[in-house]
Each structure stands twice: as structure tokens, then as C-alpha cells.
Amino acid sequence: MTLNISGIPIEVCKKNIKNMHLYVKPPNGNVMVSAPLSMSDEAIERFVRTKVSWIKRQVEKFDNQPRQSQREYISGETLYVWGKQYYLRTEYGNRNSLVLSGDKAILTVRKESTALQREKFIREWYRDLLKAEINVLLPKCEKITGLKATSWQTKYMTSRWGTCNTQSGKIWLNLQLAKKTPECLEYVIIHELAHLIEKNHNERFVSLMDKFMPMWREIKMTLNGQTLDYME
């Protein structure tokens, strides 16, 4: 079910839980409500309406975050890799490549390639980068938490940094994390591992995060404050 209150779409998900939870999720400020199965739609809407002012403030924070301009992948644009800004220099050749040198990101593409084709290549470049870092960080995070994912995958997402299937034990990590500072990736991995034993963002989940990563709140703020992708 989706509510539309004051022009804001709000996704409602009924679950086998005792209390209602309201979230404004990064990176785009999507609003979501988790409600008990027994709660009526009218009661959910009344609850959400009492929180409209708070929701608007949170959504505005995401709307005002700096975003990259729409990408054409030409010289003069910028790319972010592990939180560092690089200036793009586009060259032409028969084989696609992306090389970081100093503060430059040297992109070689076919001259007739489209912006979409260049974007697809760069996304796969980010995927390789992220996978290599996950292979290093995931065992470290599993040792810290004592929790182990059955499998993991990278995925380009626009509303979540990561997600966890608590039944299968699989986690997904947002491709955009390769653009953020490295500790952000570690935070998201630990966050998703914690969901293996607590699927809700309740007091137990917070206490787990405090135990596994005492500085998680500061890192979360850093992650949500960094430059986002261009969005339509």
C-alpha cells in the first residue's frame, strides 16, 4: 500500500511486529512505514499524518544534499572513488579503460560511444572495485560480528545502501558504495550482517550496532552526507 500525504509518497508494509516504525531512507529520502498486521489502514494514516512535519524536514535534508550533475562522461566532469574526487579526462581508442592518475580519472572509450554505453562500462568498473574490497572487508566484519552471510551480491540501488534477506542469509550491497569513503562500506556490511539476527531497526538492533561498531552513528552521518548520483 502507498499513501500520498502532503504530496509525499509513503510506502506502507505490514509485518508481524508489535509497534509501528517510520523511516526516511537514504540515499533519496524515500519514506516507509512498517506497521503491525492487525493495524487498520485508517490508523496507519492517522499516525503518519501526526509525523508530517518531521517527514518533511527529513526529506528536505536529502533533497538539499549535493548531487553530481547528469553524466555524459566527457572531460571536465568528476568521478568519486572511495570518497576522493577525480577530474575526468576522456580519450578515444579501440578498448575501454579507466585509469586513476593523481587527481585525474583517464577514461578511454570509442569516439562514437554514447553516454549510456560509457555509464555501463564505468558501473562495471565500479563493480569490480567494490567486489575486491568486499572480499577483504566481509571476512573482517564476519569475525567482528560472529555472523556469516550465506552469499552476497552487488547491485545498483537508488533507495538503499544495502539489503539483507533474513531467510536466505544473503546480502546485497549498493554499487554506489565504491564512490564513498571505505569506512562507509564497512558500516553497511556490519549493518546488513546485524539484520541476520534482528530484522527490525529496534533497540536490539541498535545495541548490536553499538557492540559491533561503536562509531557507527558518525559513519552513517558521513555516508548520508556525501555527494549522491544525479537522479531524474
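Leaving aside its neighbours within four places in sequence, Tyr 126 is in contact (heavy atoms within 4.5 Å) with Leu 79, Tyr 80, Val 81, Leu 175, Ala 178 and Lys 179. The model is predicted, with local features requiring pLDDT of at least 70 and side-chain atom pairs counted only at pLDDT 80 or more, while totals for chains, interfaces and linings use all residues. Residues are numbered from 1 along each chain as its sequence is written, and side-chain values use heavy atoms, leaving out hydrogens and water.

**Nonpolar cores**

- A nonpolar core is a set of buried Ala, Val, Leu, Ile, Met, Phe, Trp, Tyr and Cys residues joined through side-chain atoms within 4.5 Å; buried means under 20% relative accessible area, exposed over 50%, and partly exposed in between, with a 1.4 Å probe and protein chains only.
- The largest nonpolar core has 43 residues, and Tyr 126 is one of those that touch the most other members, as are Leu 98 and Leu 107.
- Helix α3 (115-145) gives two or more residues to this core, and its 9 residues are the largest share.
- Another core, of 16 residues, lies apart from it and includes Ile 8, Leu 22, Val 33 and Ile 55.

**Thr 154**

- Thr 154 belongs to strand β9 (residues 151-155); helices (H or I, at least four residues) and strands (E, at least two) are DSSP runs numbered from the N terminus.
- Thr 154 is buried, because its relative accessible area is 5%.
- Its side chain makes a polar contact of 3.0 Å with the side chain of Arg 127; such a contact is a pair of N or O atoms within 3.5 Å, where within protein one must be able to donate a hydrogen and the other to accept it, and residues adjacent in sequence count only if both atoms are side-chain atoms.

**Lys 14**

- Lys 14 lies in strand β2 (residues 8-15) and counts as partly exposed, at 34% relative accessibility.
- The side chains of Lys 14 and Asp 41 are joined by a polar contact of 3.2 Å.
- A polar atom of the Lys 14 side chain also lies 2.8 Å from the backbone oxygen of Met 39.
- Lys 14 and Ser 38 are 24 residues apart in sequence, and their C-alpha atoms are 8.4 Å apart.
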